[in-house]
Amino acid sequence: YYCVEQFARSFDLSDSELKSGIVGDGQDGGVDALYILANGELVDAETEIQPKERPEFKLVIMQVKSNEGFSPTAVDKLYWFIDDLLDLSKNKSDYHSTYHSDLIALMRLFKDKFGIVIGETPPLSIEFIYIVKKDVQPDADCEKARARVMERCRFYFSHAEPRFAFANATALY
């Protein structure tokens, strides 16, 4: 919670909104928190999306680890997750992994809400934040894995603006 809160401050989420996006558990596809925003506001089931207004969508995907450092395997999990999330036609029976119900609900929410405006080519930014509680740097394999994740985002949405940040203990502090 602490790590997610530090990097989600700029989104001005309430405590309950912050908790609603924390999905780290078994069968989480390497995702510990997922937030969907439209025009800076958190999207939930009650959010009404107006296609003609071309809302700016933002996905925030966080991964938090307390182990020894950054892992290319952990980044690769995000590759498969983003493949399942951004393929709007893919059903949960076709996913690469089995995800728990809270994460599936958020994935479905994104597909449903973004699907309403996809014909209008709305702005989409995807922000990955991989947080470790050690003061280490990512190695070359992590950087290669990050590049694959970014490329996969652009495969589905060439207009997307993906960013991927590695945040260590210094950045967390």
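Strands here are DSSP E runs of at least two residues, helices are H or I runs of at least four, and both are numbered from the N terminus.

Quick caveat before I go on. This is a predicted model, where local features need pLDDT of at least 70 and side-chain atom pairs count only at pLDDT 80 or more, while totals for chains, interfaces and linings use all residues. Residues are numbered from 1 along each chain as its sequence is written, and side-chain values use heavy atoms, with hydrogens and water left out.

Back to Ser125. Is Ser125 buried or exposed? Buried, at 15% relative accessible area; the cut-offs are under 20% for buried, over 50% for exposed and partly exposed in between, using a 1.4 Å probe and protein chains only. Leaving aside residues up to four places away in sequence, Ser125 touches Phe57, Lys58, Leu59 and Glu161, a contact being heavy atoms within 4.5 Å.

Now the sheet. It's open, with 5 strands in the order β2-β1-β3-β4-β5 and mixed pairing. At the edges you've got β2 (41–42) and β5 (161–167), each pairing on one side only. Two strands count as paired if DSSP finds at least two bridges between them.

β3, residues 57–65, runs parallel to β4, residues 124–132, over 9 bridges. Along that pair, Met62 stands opposite Ile129 and Lys65 opposite Val132. With β1, β3 pairs in the antiparallel sense over 6 bridges, and there Leu34 faces Ile61. 7 of the 9 residues of β3 are buried, so that strand is largely enclosed by the rest of the structure.

On to the helices. α3 (residues 72–86) lies across β1 (33–38), β3, β4 and β5, at about 150° to β3. α5 (residues 140–156) lies across β4 and β5, at about 155° to β5. Axes are lines fitted to C-alpha atoms, for helices over the stretch in contact, with angles from 0 to 180 degrees between N-to-C directions.

Last item: which residues line the largest pocket? Among them are Leu37, Phe57, Lys58, Leu124, Ser125, His159 and Glu161. β3 and β4 are the elements giving two or more residues to that lining. A pocket is an open set of points on a 1 Å grid over the protein atoms alone, with protein on both sides within 12 Å along at least five of seven lines, and lining residues have an atom within 4 Å of a point. So that's our Ser125 again, in the pocket lining.

How values were computed
On a 1 Å grid over the protein atoms alone, a cavity is a set of points where a 1.4 Å probe fits but cannot get out, and a pocket is an open set with protein on both sides within 12 Å along at least five of seven lines; lining residues have an atom within 4 Å of a point.
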